[in-house]
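This report describes the fold of a single protein chain, moving from overall totals to selected elements.

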Amino acid sequence: MKRLLTIIAALAVFGCAQAIAQEYVPAPVTVSKEKVKLNGKIYLSHVVLERQTLYGIARAYAVTEDELYEANPSLRETGLQKNAILLIPYKDQSAQVDSADGKPAGQKDYLEHTVRWYEDMGDIARRYGVSVQEIMDYNKLSTRKVTTRQVLKIPLKREETQATETAEEHPDTETEEVQEDTLAAPEVVVPVIPEFVPVVSDTTLLALRTRDEADFSLILPLRAGSGTSEINMDFYSGVLMAMRDLESQGVNVNMHVYDLNAGIPPIEDLVKSDFVLGPVASRDLEAILQRVDGRVPVISPLDQKAISLSANYQNFIQAPSASDYQYEDLAQWVKEDLNPTDKILLITEKGAGNVTAPVAIRSAMAKRELTYEILNYAIADGRTITTTLGEMLAAKDSLNRVIVASESEAFTGDVVRNLAIMQGKGFDIVMYAPSKVRTFETIEGTAYHDAQLHITTSYHVDYSDPQVDRFVHAYRALFRTEPSQFAFQGYDTARYFVVRCLRYGNDWTRKLGMERSSGLHTDFLFVPDEYGNCHNKAVRRVVFEKDYTTNLK
């Protein structure tokens with residue numbers, strides 16, 4: 001009997017020891033496929049689960065722990081927290097795996113290219129600097145015809161060093177000339193941005209102009225003959241207003257308008273322009289960028305996400321400021337407003353499908369060494385979250401700066417409701433959020449004013465501005481309707497670039513970033529990226545005041 005009890009006791013102790021040991025077994029790590037691009041770099045976003053370790057995460061993603069600390073500066077202070085979002089430096093895994101022929105993938109003698117809907121064989125050959133015949137021979141093709149989503153192998157050209165070695169080994173061999181259809185890469189233009197950027201008006205620049213005529217091409221999907229796109233027509237109407245105003249100031253503007261629905265415009269005509277404005281969508285922009293091949297500046301007028309094209313094409317200009325710049329300025333704004341007794345609370349959505357906003361905002365806050373707490377919850381918990389929220393907010397005699405790092409309408413609405421409850425209990429709250437929140441139709445505008453919402457945005461119209469009032473009245477008289485935000489955008493964008501052409505002549509792209517400019521709807525301050533292209537990083541700060549006014553700061 002004693003022996004039986006001893007065996008049972010031993011098994012119980014073993015079971016306890018095993019249970020205790022299990023608590024320390026690291027959780028497996030599933031590699032995320034969610035990519036985000038911040039400051040020109042690509043990361044994978046990983047949501048930390050319970051019992052995951054930094055070592056396990058680093059090993060799963062084939063990165064070092066130092067690389068994780070570098071991508072997530074706040075990690076050294078906060079440690080690894082459950083439900084936190086980590087930025088994982090993205091590495092192309094294909095370069096690490098041996099190919100079927102035994103050579104590392106990075107040492108293949110060809111690249112693979114998937115044919116896009118607008119490409120022909122000539123486009124592809126020019127992009128990679130090879131001849132059409134070389135591609136046909138390598139892929140055993142009998143014709144130049146290609147189809148959408150067809151995968152072509154593009155032969156890699158030998159490096160110059162290899163060519164030199166060959167020439168030395170065979171001095172009597174003549175060097176083969178470059179194929180005629182191979183174009184030299186355009187010169188990369190990198191503007192020099194001064195430390196202090198003055199604000200200069202268009203009136204001043206026009207008074208100093210070096211020429212009186214500008215020529216540009218406008219490409220929009222106007223759907224001529226089959227109904228029109230309201231957004232594109234509004235943008236076009238704004239451009240017409242800008243040209244009318246400039247011509248009244250003694251400027252001659254030659255504007256060539258192309259309806260994209262009629263097909264790609266003649267490239268030989270586009271490259272004669274000072275610049276090409278449009279199209280709107282990234283896919284259409286890429287079709288133009290590929291065909292003009294850097295020979296004329298192409299300007300993205302509306303799509304913030306088109307900034308991703310900068311990595312693959314030259315002479316590309318992004319007019320609307322990208323979301324990254326808005327998130328960076330939002331964090332900077334919090335830092336500038338912060339008082340010693342204030343508390344920062346970051347609210348994120350648990351299990352959110354889109355993690356771009358929380359990842360970018362946390363990264364921006366880490367750069368500014370801001371100390372904050374995180375509340376991560378799901379909408380299903382919203383009705384019971386007020387208790388936790390009350391425990392996390394600062395005492396009622398302090399100010400809480402609450403950052404809602406989400407672009408989900410349903411979740412933002414739930415947060416706004418909970419913040420209103422806490423304000424009713426006497427908590428002093430100022431809310432910061434991405435600019436997308438003002439497009440949410442299910443959230444009452446008064447709730448934003450009650451929360452003193454602060455947003456940074458790429459555009460905002462101040463209707464108290466006399467210049468805006470003049471534009472509105474002129475637009476009404478000409479088009480018999482109210483101008484939309486896209487009409488303002490068309491006016492500001494077209495006017496900005498035409499004025500720069502007039503002021504600086506053929507050298508105008510090199511002068512971008514020399515001054516800051518303020519339009520009716522948009523501000524402009526261009527900076528170069530690592531590829532030599534220019535992005536607008538200017539944003540506007542908007543506050544929803546408690547007296548129900550909306551002020552541009």
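## Overall composition

The protein chain contains 18 helices and 21 strands; helices (H or I, at least four residues) and strands (E, at least two) are DSSP runs, numbered from the N terminus. This is a predicted model, in which local features need pLDDT of at least 70 and side-chain atom pairs count only at pLDDT 80 or more, while totals for chains, interfaces and linings use all residues. Residues are numbered from 1 along each chain as its sequence is written, and side-chain values use heavy atoms, with hydrogens and water left out.

## Burial, contacts and surface

Of the 553 residues in the protein chain, 46% are buried, that is, under 20% relative accessible area with a 1.4 Å probe, protein chains only. Among contacts (heavy atoms within 4.5 Å) with a separation of 6 or more, 67% link residues 24 or more positions apart. The accessible surface (Shrake-Rupley method, 1.4 Å probe) is about 28800 Å², and carbon and sulfur atoms account for 51% of that area.

Strand β3 (residues 85-89) is largely enclosed by the rest of the structure, because five of its five residues are buried. I85, L87 and P89 point one way from β3, whereas L86 and I88 point the other way.

Strand β2 (residues 41-47) runs antiparallel to β3 and is joined to β3 by five bridges; two strands pair if DSSP finds at least two bridges between them. L44 has I88 of β3 as its bridge partner.

## Helix α12

Buried residues in α12 include D324, Y327, L330, A331, W333 and V334.

Technical notes
Buried means under 20% relative accessible area, exposed over 50%, partly exposed in between (1.4 Å probe, protein chains only).
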